[in-house]
Amino acid sequence: MGGADMLGMAEIRGRDATLPKGGPRAPVAYDSIVVNSNGIGAITFAARLARSPEFQGKVVVAAKPVAESRRLIDGCTLRARSVDYYAAACGVTREAVLGEVYGSDWRQAVADRQYAAYCNPDAAGRISIDRRTVFMDGENVRRDRTPRQPLSYGVRNSRLMGALNSLARECGVSFVEEPATSYADLRALAPGQNPLIVNGTPKPIDGAAWREQPLPPRDFVAAAQMAFTSPRLAQAGIIGPHDSFVGLLKRDGTVDMCVFYPFQDPLSPVATFYGIFFRIVRNGAQADKAREQDILRGELEQVAEALGLSPDAPEETMGTAFVPLSPWRKLGSRQEGVLDLSRISGAGCPIIAGDGMARAGLGGFAAAEAILLGAAPERAMNAALGRWRLNNRMQAFAMTKLPSLTSFLVRTVPGVAFAGIGKARDFDMWAGAY
């Protein structure tokens, strides 16, 4: 693995995150690592530690093998910045990560420019696209960043997981392909006497003592997504093959929002885009989940029609979600002797900002670097994720607290409405930090 252009901490430092710094090291607190997940954040974390002399041959992942299917479950917007963290964790180039995901050619998946507009439903439910604006592209960048770089890639989540698991295996991660469900089971897998048990799932680990027992979630995000072909893209004339589209509409006192991105998937070879519609649901435990998802699916199909897209085998690619929000505050681990990797990386509201895979990779990478410095991984994760959490919270606020103002601005002056979001490119939250 690796090579002359392999990435490390120095090559990927950017403005989006405060990463652990080198310098005098404290003794490493653990002699081995056991992780109960092979998800994106967990496998990034495991790969980074497995490459270090301190943990060579001492990192174990206990989880069922990645099961790939056409269904779009979990996130599909791979911000290009995410690849920096995966590559640095695995000690390879960006191109090596993309090659593992897509093969030799990933151009179909690239988004170079992002459009935004209001989506107007008529009495029959048909949606038209109001005035649109370009709010981000690869040309207008700060002087210290490289122009004409991809902003994002569209990828099926399980395809990315499969690729990162393959790279982690090359890094020396050991896999136990039967899930261990209790603290005692995980502890028994440790190849050392003083292991760190890492929770890469949202659920607590059975048998681990509580440090802080959280309240049940109150608010949720409902979502519906699927893959699309693009038979009428040029005729519709709204976006091109390497453009993304962000749209919103006001419904029942809040905002429904959608994104469409170029997409590439070996299991869906004719699909060229994926799209998702989502909504923050207050007091979601009392909500009619099926109704919310049905409405979102209808909106998704109507906007796709306006863009010149057609559903690609929706019975196989369609995925729905109803996911709880994480607390907005800085978080610690809930249980004694357990690093709550997934919970801390959540850093707010899922889905709405298309940043879940970036936050997972960043959280896992920052935690691993902190452990190698003998520092507290929770503190390092919270420091690294601060700007992402703030950006995410501002979007949730606009969707739920200011829906009328947000809708008015997007409908009348979309360039003004999306000016702040477009600045995320300057903070290295889309293209890589180079």
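**Reading the surface, the sheet and the interior**

Reply: Let us start with Leu 402, which lies in the loop between α13 (386–400) and α14 (403–412), bearing in mind that this is a predicted model.

Me: Is Leu 402 buried, partly exposed or exposed?

Reply: Buried means under 20% relative accessible area and exposed means over 50%, with partly exposed in between. Leu 402 counts as partly exposed because its relative accessibility is 35%. Together with Phe 397, Leu 405 and Phe 408, Leu 402 forms a nonpolar patch on the surface, and the four have about 390 Å² of accessible area together.

Me: What is the strand order in the open sheet of three strands?

Reply: Strands of a sheet pair through backbone hydrogen bonds, either parallel or antiparallel. Here the order is β3-β7-β4, with antiparallel pairing. The edge strands, each pairing on one side only, are β3 (77–79) and β4 (110–111). Between β3 and β7 (residues 152–154) there are three bridges, and Arg 79 stands opposite Ser 152 in β7. Helix α3 (residues 80–90) lies across β3 and β7, running at about 70° to β3.

Me: Which residues does Leu 372 touch, leaving aside those up to four places away in sequence?

Reply: Leu 372, found in helix α11 (residues 356–372), counts as buried because its relative accessibility is 5%. With that exclusion, Leu 372 touches Arg 25, Val 28, Arg 48, Leu 49, Ser 52, Glu 54 and Phe 55. Pro 53 is 319 residues from Leu 372 in sequence, while their C-alpha atoms are 9.8 Å apart in space.

Terms used
Residues numbered from 1 in each chain as written. Predicted model: local features only at pLDDT ≥ 70, side-chain atom pairs only at ≥ 80, totals over all residues. Heavy atoms only, no water. Patch = residues over 30% accessible without salt bridge, like charges linked within 9 Å, V, L, I, M, F, W, Y side chains within 5 Å. Areas by Shrake-Rupley, 256 points an atom, 1.4 Å probe, with all protein chains shown as cover. Salt bridge = Lys/Arg side-chain N within 4 Å of Asp/Glu carboxyl O. Helix = DSSP H or I, 4+ residues; strand = E, 2+ residues; numbered from the N terminus. Buried < 20%, exposed > 50% of the residue type's maximum accessible area, 1.4 Å probe, protein only. Pairing = 2+ DSSP bridges. Contact = heavy atoms within 4.5 Å. Axes fitted to C-alpha atoms, helices over the stretch in contact; angles between N-to-C directions.
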